[in-house]
Amino acid sequence: MSSKNIWESAKSLLVAFNYENEEQLKEFRKSLDSMLNASNVDRLIIVVNVPKEVDKNTLPPHFLIYYNSPIDFNFWNKLKDVQLETELQRAYDLVIWFGHTDAKIFPYIQDASVQRRIIVNEKEASFDLQLNAGSDEPAEMLHFVIETLKKISTNE
């Protein structure tokens, strides 16, 4: 009986992180691309939490990325992006949330059907695993998370 690790067993992944600047976004995408190319993940969405001051239309479009801003919610905190809402109703093997959970999208991601929830560089009791990457550099954080998940067996 061979036991797989969490990273190898993940087929669907939802990644969420907080936008800081164009350079950080570019670095995050580049690092994520290279790590996913060597993974078993075949379904992925990325939610980028953008401050309301940032014009989402100026950010580089990508078919896997949903830029989400506080202005994407109506008066009753209902998500306006129907496509993103549909994606969040699907089941995921793994959610990896990077950074603080102040974003309005957080409750939607919390309600998603997810096997394992991981938060990086933050503390939040509702997550299965809280990791401190010791860095805010996207490449270093992603490398740390994936290497850590490779060391945890799933026992499935």
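A residue is termed buried when its relative accessible area is under 20%, exposed when this is over 50%, and partly exposed in between (1.4 Å probe, protein chains only). The structure is a predicted model, in which local features need pLDDT of at least 70 and side-chain atom pairs count only at pLDDT 80 or more, while totals for chains, interfaces and linings use all residues. Residues are numbered from 1 along each chain as its sequence is written, and side-chain values use heavy atoms, with hydrogens and water left out.

Five salt bridges are present in the structure, a salt bridge being a side-chain nitrogen of Lys or Arg within 4 Å of a carboxyl oxygen of Asp or Glu. Side chains of opposite charge can pair when their charged atoms come close. One of the five joins Glu23 to Lys26, with 3.8 Å between the closest N and O atoms. These two residues lie three residues apart in helix H2 and are therefore separated by about one helical turn; helices (H or I, at least four residues) are DSSP runs, numbered from the N terminus. Glu23 is partly exposed, at 47% relative accessible area, whereas Lys26 is exposed, at 54%.

A further salt bridge links Glu85 and Lys78, at an N to O distance of 3.0 Å. Here Glu85 is buried, with a relative accessible area of 18%, and Lys78 is partly exposed, with 39%. Arg90 and Glu87 also form a salt bridge, their closest N and O atoms being 3.5 Å apart. Of this pair, Arg90 is partly exposed at 37% relative accessibility, while Glu87 is buried at 16%.
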